[in-house]
Each structure stands twice: as C-alpha cells, then as structure tokens.
Amino acid sequence: MKINFTKKEFVTLLEMIDIANWVISANKVEKGPTEKPYEELEGKLYALSPEFGCEDKVKYSKELDGYYPTHFFEMESPHRKFIDEYNEETFWDELIDRFASRDAIRELGEKEFLNLESIERFKVLGKHEEKWAKEFEEYGLENVSVKT
C-alpha cells in the first residue's frame with residue numbers, strides 16, 4: 001500500500017505523532033514493551049522526514065542511530081498548544097476528582113461510599129466536584145495548603 005502526503009499533511013502527521021507520544025510516554029522514565037510498537041511507528045515516520053524537507057523538525061542522531069524531533073519542533077511548534085491545553089485541563093480535572101472523592105469518603109465512609117449504587121455515587125461526587133470546581137475557578141490554588 002502506498003499513501004501520498006503533501007509536505008503540509010506530513011508535518012500535521014508528525015505533529016499528531018508528537019502529541020500521541022506525549023500522552024503515551026511523557027511521564028515515563030523508561031519505555032517498556034507496551035510502548036515499543038508506538039515508538040517503532042514513530043521512528044518509521046521520522047525516518048521519512050528528509051524526503052519531505054522536514055530537517056527543521058526531525059534530525060538524525062548518529063549517537064542514538066535514529067531520527068528524533070528537534071527541540072524546536074517538540075517545544076515551540078504550534079501543536080504544542082494542544083499538549084499544554086490537555087495538561088492544563090487534565091490537572092484541574094484530576095485535582096477536582098481527587099478532592100471530590102476524598103470528601104465523599106470522609107462524608108460517608110469508604111465502605112459506604114463504595115457500596116453506593118452508581119447513580120448515587122455520581123450524585124455524591126457531583127456535589128463535591130461542583131464545590132471544588134467553583135473554588136478553583138474563583139481562587140485557583142490560592143486557598144490550597146498542606147498540613148505538616
């Protein structure tokens with residue numbers, strides 16, 4: 001099978017691969033066998049970069065014997081805004097979810113909370129999520145502290 005891409009389409013594909021790679025491995029110190037197929041496909045696409053004149057986005061490393069994105073491509077390209085938006089929204093969503101779960105368990109007790117029917121559990125969580133969403137929207141992290 002052969003697929004034809006314009007340079008613009010290929011750059012978009014590289015950007016999508018970089019976004020996917022961020023989600024898959026940004027928080028991992030070492031990649032394992034689960035990530036290997038993604039890393040191999042990424043490498044294949046990066047190796048095509050010279051054919052599309054994308055040397056400013058991907059460079060060959062003799063030391064690592066492979067093609068890798070440039071710092072500019074990873075950190076300064078316009079697609080980075082999608083990663084930044086994803087990280088920002090994920091941070092607030094996770095913070096709200098974790099505080100809401102903590103408060104629901106404190107309110108009802110862990111066993112009672114876990115034994116609730118799904119709809120009731122969602123109602124209890126929703127009440128706490130709403131409280132935290134309002135708090136963070138209004139004050140950000142200003143009122144958050146850690147007891148020591």
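**Entry 1: Secondary structure.** I counted the elements of the chain and found 6 helices and 2 strands. I then read their order from the N terminus, which is α-α-β-β-α-α-α-α. I note here that the model is a predicted one.

**Entry 2: Burial, surface and contacts.** I find that 26% of the 148 residues in the chain are buried. The accessible surface comes to about 11400 Å², and carbon and sulfur atoms hold 55% of this surface. I turned next to contacts between residues at least 6 apart in sequence; of these, 54% join residues at least 24 apart.

**Entry 3: Charges.** I located 22 positive and 34 negative charges in the chain, and their mean positions lie 2 Å apart.

**Entry 4: Aromatic pairs.** I searched the whole structure for aromatic pairs and recorded 7. I examined W92 and F136: their ring centres are 5.4 Å apart and their planes meet at 50°, so I class the pair as tilted. W92 belongs to helix α4 (residues 80-108) and F136 to helix α6 (residues 118-139), so this pair ties together parts that are 44 residues apart in sequence. I checked the accessibility of both residues. W92 has 21% relative accessibility and therefore counts as partly exposed, with the cut-off for buried set at under 20%. F136, at 6% relative accessibility, counts as buried.

**Entry 5: A stacked pair.** I then inspected F99 and W132, which form a stacked aromatic pair with 4.5 Å from centre to centre and 20° between the planes. F99 sits in helix α4 and W132 in helix α6, so the pair ties together parts that are 33 residues apart in sequence. I find F99 buried, with a relative accessible area of 17%. W132 also counts as buried, at 15% relative accessibility.

**Entry 6: Cluster.** I asked which residues form one aromatic cluster. I list F91, W92, F99, W132 and F136 as its members. Both pairs described above, W92 with F136 and F99 with W132, have their residues in this cluster.

Definitions and conventions:
Residues are numbered from 1 along each chain as its sequence is written. This is a predicted model: local features need pLDDT of at least 70, side-chain atom pairs count only at pLDDT 80 or more; totals for chains, interfaces and linings use all residues. Side-chain values use heavy atoms; hydrogens and water are left out. Helices (H or I, at least four residues) and strands (E, at least two) are DSSP runs, numbered from the N terminus. Buried means under 20% relative accessible area, exposed over 50%, partly exposed in between (1.4 Å probe, protein chains only). Contact means heavy atoms within 4.5 Å. Accessible areas come from the Shrake-Rupley method with a 1.4 Å probe; for residues, only the protein chains shown count as cover. Lys and Arg count as positive and Asp and Glu as negative; His and the chain ends are not counted. The place of a charge is taken as NZ of Lys, CZ of Arg, CG of Asp or CD of Glu. Rings of Phe, Tyr and Trp (its six-membered ring) pair if their centres lie within 6.5 Å; planes under 30 degrees apart count as stacked, over 60 as edge-to-face and the rest as tilted.
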